[in-house]
Amino acid sequence: MRWLVLFSLLFAPLLAIGAEAGIPAVTVTDTDGGQSYSVTLQILALMTVLTLLPAALMMMTSFTRIIIVLAILRQAMGVQSTPSNQILIGLALFLTIFIMHPVFNKAYDDAVVPYMDGQIEFTAAFERAGAPFKEFMLAQTRETDIELFASIGGYAEMQTPEDIPFSLLLPSFVTSELKTAFQIGFLIFIPFLIIDLVVASVLMAMGMMMLSPMLISLPFKLMLFVLIDGWALLMGTLASSFYV
């Protein structure tokens with residue numbers, strides 16, 4: 001629940017405008033024979049913010065890297081539908097919550113709690129909520145990606161990382177996450193590829209050219225993954241890759 005409040009605060013500057021202007025949640029208009037109710041801009045802004053939450057979860061957290069690596073792992077093992085997409089998304093989601101837990105807590109304690117207690121204004125709360133996410137994203141973003149999008153967007157030269165705006169940091173972070181995910185996926189793919197090559201060579205040497213190598217190599221790849229405790233190794237490696 002606190003994460004929903006946190007993301008709503010982080011992506012809801014329109015709500016502050018509506019609140020400061022004193023816009024009521026629902027207006028009642030008298031009509032012939034009754035009353036009509038209309039949803040105001042404040043509720044409309046709230047619903048707009050809620051539609052941005054899935055995009056924020058995917059693009060501003062560790063979710064992108066995790067789900068891509070899991071998808072590449074499934075492809076490398078040759079099991080097209082096991083684990084299913086729902087299981088992979090669930091694993092990626094809960095691992096994302098585990099990795100991002102310190103960031104969520106810091107943003108909630110520094111921004112949401114003081115704002116709800118009336119100690120700070122919305123603008124200050126918005127800046128405080130974004131600071132932990134910005135710090136996390138900067139730690140995972142390559143300088144070359146930042147320079148690329150800065151040159152495309154015509155941004156002025158920035159002296160410190162704190163000067164990088166979110167509009168520049170977001171695409172740079174996503175690009176870096178995609179690069180890192182594919183690098184990890186390449187390393188995961190190699191041992192399974194070797195097993196496929198060995199099995200295909202053995203089958204061809206035996207003259208079994210009509211037998212699918214994927215069918216024979218699948219049990220060996222599953223056995224290899226189980227023997228090395230692959231799931232624990234993969235999850236631990238993914239989690240630790242964000243804190244190196």
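**Before selecting anything**

Residues are numbered from 1 along each chain as its sequence is written, and side-chain values use heavy atoms, with hydrogens and water left out. Because the model is predicted, local features need pLDDT of at least 70 and side-chain atom pairs count only at pLDDT 80 or more, whereas totals for chains, interfaces and linings use all residues.

**The whole chain**

Begin with the chain coloured by secondary structure, which comes to ten helices and two strands; helices (H or I, at least four residues) and strands (E, at least two) are DSSP runs, numbered from the N terminus. Read from the N terminus on, the elements run α-α-β-β-α-α-α-α-α-α-α-α. Of the 244 residues in the chain, 36% are buried, where buried means under 20% relative accessible area, exposed means over 50%, and partly exposed lies in between (1.4 Å probe, protein chains only). Among contacts between residues at least 6 apart in sequence, 71% join residues at least 24 apart, a contact being heavy atoms within 4.5 Å.

**Helix H4 and what follows it**

Select residues 63-77, which form helix H4, a run of 15 residues that reaches 21 Å from its first C-alpha to its last, close to the 21 Å expected at 1.5 Å a residue; the expected span is 1.5 Å times one less than the number of residues. H4 is mostly covered, with 13 of its 15 residues buried. Just after H4, select Gly78, which takes a positive phi of about 85°.

**H4 against H10**

The crossing of H4 and H10 is right-handed; a crossing is left-handed if the near helix is turned anticlockwise from the far one by less than a right angle, and right-handed if clockwise. Show side chains for Ile66, Val69, Leu70 and Leu73 in H4, which meet Trp231, Leu234, Met235 and Leu238 in H10. By class, this contact has eight nonpolar, no polar and no charged residues, where Ala, Val, Leu, Ile, Met, Phe, Trp, Tyr, Cys and Pro count as nonpolar, Asp, Glu, Lys and Arg as charged, and the others, Gly among them, as polar.

**H5 against H10**

Next select helix H5 (residues 85-116) with helix H10 (residues 230-240), whose axes come within 10 Å and cross at roughly 45°, so that the two helices are oblique to each other. H5 passes H10 in a right-handed crossing. On the H5 side the contact is made by Leu91, Leu95, Phe98 and Ile99, and on the H10 side by Trp231, Met235, Leu238 and Ala239. These residues divide into eight nonpolar, no polar and no charged.

**H6 against H8**

Move to helix H6 (residues 122-140) and H8, where the axes come within 9 Å and cross at roughly 45°, which makes H6 oblique to H8. This crossing is left-handed. H6 contributes Gly130, Lys134, Phe136, Met137, Leu138 and Gln140 to the contact, while H8 contributes Phe166, Leu169, Leu170, Phe173, Ser176 and Glu177. By class, the contact has seven nonpolar, three polar and two charged residues.

Still in helix H8 (residues 166-205), centre on Gly185, which counts as buried at 2% relative accessibility. The C-alpha atoms of Gly185 and Val69, 116 residues apart along the chain, are separated by 5.4 Å.

In helix H9 (residues 213-227), select Ser217, which is buried with a relative accessible area of 0%. Leaving aside neighbours within four places in sequence, Ser217 is in contact with Ile195, Asp196 and Val199.

In the loop between H9 and H10, select Asp229, a residue other than glycine whose phi is positive, near 55°. Asp229 is partly exposed, with a relative accessible area of 47%.

Finally, in the segment after H10, select Ser241, which is partly exposed at a relative accessible area of 21%. Apart from neighbours within four places in sequence, Ser241 is in contact with Arg65 and Gln140; the C-alpha atoms of Ser241 and Gln140, 101 residues apart along the chain, are separated by 9.3 Å.

Terms used
Axes fitted to C-alpha atoms, helices over the stretch in contact; angles between N-to-C directions. Parallel < 35°, antiparallel > 145°, perpendicular 65-115°, else oblique.
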